[in-house]
Amino acid sequence: MSTIKTKFINDPEQVTPELLEGYVLAYPDMVKLAGENIVVRSTPKDEKKVAIVTLGGSGHEPALSGFVGEGMLDCSVVGDVFAAPGAQRLFQGLQLMKREAGILLVVLNHSGDVMSANMACQLAERAGIKVKQLLTHDDISAGIGASATDRRGLAGCVPLFKILGAAAEEGKTLDELIEIGERFNKNVATLAVAMRSCTHPQNNGTISDLPEGIMEIGMGQHGEGGGGQQPLVSADETAAQMVDLLCRQLTPAAGDKLMLIINGVGATTHMELNIVFRKAYKELEARGMEVVYGRIQEILTVQEQAGFQMIIAKLDDDHIDYLKNKKAETPYWTTIGK
């Protein structure tokens, strides 16, 4: 058994099952394991309501399993570190969630996740399981106006879980949920910045290296290259640059109601995240837009990567209601003030 000297782990090959075991032991009133690396709600949703399911690799905690619970996800199917779960495991999760109302499978646009989802859905169709997919593609690092199929899924999936989960609890049908989710998908954009890449907790390898004093706007979920490297600048300069790029993608108008989330990706302090949020908020306000929903939180991390993801969305009235006023109780997301 090899050991990694930079993290508090045991056998590197057992990282995923051990982290999930610890997770469900901490929050038994909210989540439990229902199979190998399958996290479900401790108290299932009424089967007359659509189940919300997602999949993805471990190593991004609290995403994605941290958002299983009332008003959000019903099931998270977990792969190994930075790897999609296989189609058979995802199919097992879909079997657990089978119901007449159907299943909405939320898939982040990464090749492994998409492949597993497509194969699992084919198996589900043969087994008579009603399931439809919703693909997230909020990362704009591929370029302003790039095709949705070329854009990766980043942390913008998490507020989408909240919207879909609230709508599902309300009794919306599978087709209604897809319409609600696609409207959000079309109006959300995320951009990541990093000044230090992460290491893989099983082998200590890095995907990319950033020299000291350099940052990269557009870096991907695991340290993949993005929009190009440049000298590290202040929080205000970084935030202003990112707001400008995100607004060029979304083209919001004065008076639009916006969501603004700053997601820490692992090694950046909340002090820094608060400072970034402050400037981003003021930049949007100066453009005549109203930030009606804000959040500063680590919702999707990348081990010890240093940086953050900025998520902006133009919100319709129902999205605002689902984000702000509908109850959510999961280990890593509660409805603030409700």
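Which residues do ring pairs link into a cluster? I looked, and the cluster is made of Tyr23, Tyr27 and Tyr332.

Ground rules before I go on. I am working on a predicted model, where local features need pLDDT of at least 70, side-chain atom pairs count only at pLDDT 80 or more, and totals for chains, interfaces and linings use all residues. Numbering starts from 1 along each chain as its sequence is written, and side-chain values use heavy atoms, with hydrogens and water left out.

**Entry: rings**

My pairing rule takes rings of Phe, Tyr and Trp (its six-membered ring) with centres within 6.5 Å; planes under 30 degrees apart are stacked, over 60 edge-to-face, and the rest tilted. With that rule I get 5 aromatic pairs. One of them is Phe67 with Trp333: the ring centres are 6.2 Å apart and the planes stand at 75 degrees, so I log the pair as edge-to-face. It ties together distant parts of the chain, 266 residues apart. Phe67 sits in the loop between strand S3 (51–58) and strand S4 (75–81), while Trp333 belongs to strand S14 (residues 333–334). For the labels, helices (H or I, at least four residues) and strands (E, at least two) are DSSP runs numbered from the N terminus.

Are Phe67 and Trp333 buried or exposed? Both are buried, where buried is under 20% relative accessible area, exposed over 50%, and partly exposed in between (1.4 Å probe, protein chains only).

**Entry: helix pairs**

I took axes as lines fitted to C-alpha atoms, for helices over the stretch in contact, with angles from 0 to 180 degrees between N-to-C directions. Under 35 degrees is roughly parallel, over 145 roughly antiparallel, 65 to 115 roughly perpendicular, and the rest oblique.

Helix H6 (residues 235–250) packs on helix H7 (residues 270–286) at about 45 degrees, axes 9 Å apart, and the two are therefore oblique. The contact (heavy atoms within 4.5 Å) includes Ala239 and Val243 from H6 and Ile275 and Leu284 from H7.

For helix H4 (residues 157–169) and helix H5 (residues 174–186), I get axes that come within 10 Å and cross at roughly 155 degrees. That makes H4 roughly antiparallel to H5. Among the contact residues are Leu160, Ile163 and Leu164 of H4, with Leu177, Ile180 and Phe184 of H5.

**Entry: positive phi**

Which non-glycine residues did I find with positive phi? Asn37 has phi near 60 degrees, and Thr251 has phi near 45 degrees. Asn37 lies in the loop between strand S1 (31–33) and strand S2 (38–41) and is buried at 9% relative accessible area. Thr251 lies in the loop between H6 and strand S10 (257–264) and counts as exposed at 55%.
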